[in-house]
Amino acid sequence: MFKKKPNIKPLSPLKSSERRRTADQIIADFQIPIPVETTAEPEDKAASTAGLTALRRSLLPENALSARFTTTAGPDLKQVSGTVYIGSHEGTGDEQRILWAKVGEKMYPTVYTLWHNPGIVPLLYTPSFVVDKLQGGADLMTPGLQRGPPFPKKATKGAVVAISSLEKPTVPMAVGTCEIDISSLGSVQGMKGHAVSTFHWAGDELWSWNPAGKPGSEPPGALQGWDDETDDTALAAQTASMDLQDDPEGGIALNADPTERSEAEKAQGIEGEDPPSLKDAVEVVDEQELSQKEIDNAFQDAFLFGVRYHMDHNRNHPSFGLDFPLSQSKVMSLLVQPFLPTYTPARTASLQIKKTSWKNIRKFIKYLDKQQILKSKEQNGNETVVMDVDFTDRRIEAFVPYRLPKKDAPTSSGTNGKPAASLSAESSVGQKLKLVSLLRPKEKLAPIFHASKAEPRGLYTPAELKQVLIAYIEAENLVSEKNKRLIKINPQLADALLGSSAADNAALASGAIPRDALADRMVAAASPFHTILRNNEDIADSKPKAGAPPKIQILMETRSGNKTVTKVSGVEPYHIAPQPLADELRKTCAGSTSVDRLQGSSPKNPVMEVMVQGPQKDAIIKALEKRGVNKNWIEIVDKTKKKR
């Protein structure tokens, strides 16, 4: 709902009586206990009143404002309206943020409210990579629920809940509504379907809104009061009884150690599967935390695996499908991340670049450079790019790929929750496109076509139209005897191709006109059409469309003060699906993406727009070129440049 910016009407102050009434309704709806000092007597009404006042102020500060808003939601872009409540909590420097959003009769807290009011809604847990998907607009699936059963008693169907990661269990990162009765679940293994419909998350437009245009506040490192059970041993004991079975469809058992490669695998020379996408949900395994050395080794092996994978699958390419120089984000997304042995949430939590001895990808690349596996270079003073890889290095040649986790189709980041096609399965990658401009003669040209025995309402290329004209000229014997370049003007030509301009009047007066000028008038007198042929498609099998060929538009603009986003629209006529393109850009650009209807396009036949965080023009152009798009078919609009 809030992947794109809502239309928020002017703010108005909240009256004291209305603020108290709204806060009391929140307390009642969410069954929030009123705090009372432990030393106070149960009959002490003053203490109870003071606790209620403090709770009201914490939920809805005294400086609160309200405003109506409108936005769209769902794949059908249904119009939604509601109310937002804005204020600033203590200790935030009076920085105003959206604290609550009301849609219909239901009130939803934002993450800012949850960060200052622990325990007001049930808290659910899921691995951090699933939280990343939620922050792209996906819903939480039932297998993604962790640290249970038992689950919170208040997490019933229709209840508002918060979601945090296993790695940062005390910091809520998303808010949603239970689609099922989670509290009654006895197990999540083998379950399917949606558990929580995501409403809002840290990173969406509610989070980033600020009247002064300041970017959203970063989540705190940890919070008191949200997670009473922080002991890892308790979590391990809770999940130790889970049954772990080999996957009958392939992949690997979750309790398998990725470092223990069987002799049978080595003998078979197993070459790992295609780069896998992370599952929406996996089971927690009782295992020890990986040491830093083991994490370092896993990252080195993943890089070697990534290089070997490209060598094995792109043998005919001079650089095995790698387009040098490679940026830091591309090294991570192409050569490391897909090949990490992330069999379990615990391993996924451990296998992060920040937990290695290098702490970041830049230092990791420099380490590989010192090992003479690759050559790197400093660029722009703050980034290290890979210029080349030594594909003949003995460590790469001797590397034995290990079995990767079972490959699943990646989940779409769109709001419909449907799985998107993987990059390898997307038919537009590698396609060849041919843009053909066609012309349909207007009715006044019909005599010329009848005399030439050509179809007057057919579609022709400019060259074919000129041939029709030549055939007519020869049939009517209109070539001047004195000058072969001149064509004698007869009544049909005068009526069909000549107007009242000075040049035309001069030609009529002389009785002849140059052949090239007449051909140009023939082309200009036809209506433009176009068709985009794909691969070996024949023009006879296509359905040309009226008008000039459309351009793919890449738009760069600044949002929320200083945040640059890049949008691309108009890809559908070029046989490119917006969602798989967004999925690829999310990986290559290492940033969030979204797909929404282009503002102003028809709801019945919508044009979709892909948005990527950051100035990603070059990455988008490369992704389009991989799909057969010529640079001349792209229009670039840069609104980030300041006007002079």
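The backbone oxygen of Ser-58 lies 3.1 Å from a polar side-chain atom of His-89. The model is predicted: local features require pLDDT of at least 70, side-chain atom pairs count only at pLDDT 80 or more, and totals for chains, interfaces and linings use all residues. Residues are numbered from 1 along each chain as its sequence is written, and side-chain values use heavy atoms, with hydrogens and water left out.

His-89 sits in the loop between strand E4 (78-87) and strand E5 (97-103). Helices (H or I, at least four residues) and strands (E, at least two) are DSSP runs, numbered from the N terminus. The relative accessible area of His-89 is 9%, so the residue is buried (under 20%; exposed is over 50%, partly exposed in between; 1.4 Å probe, protein chains only). The side chains of His-89 and His-116 form a polar contact of 3.5 Å. Such a contact is a pair of N or O atoms within 3.5 Å; within protein, one must be able to donate a hydrogen and the other to accept it, and residues adjacent in sequence count only if both atoms are side-chain atoms. Beyond four places in sequence, His-89 touches Ser-58, Pro-61, Leu-99, Tyr-112, Thr-113, His-116 and Asn-117 (heavy atoms within 4.5 Å).

Helix H9 (residues 328-336) has buried residues including Val-331, Met-332 and Leu-335. The buried residues of H9 pack against helix H8 (292-313), helix H11 (361-370), strand E13 (383-389) and helix H18 (578-588).

The disulfide count is zero (cysteine sulfur atoms within 2.5 Å).
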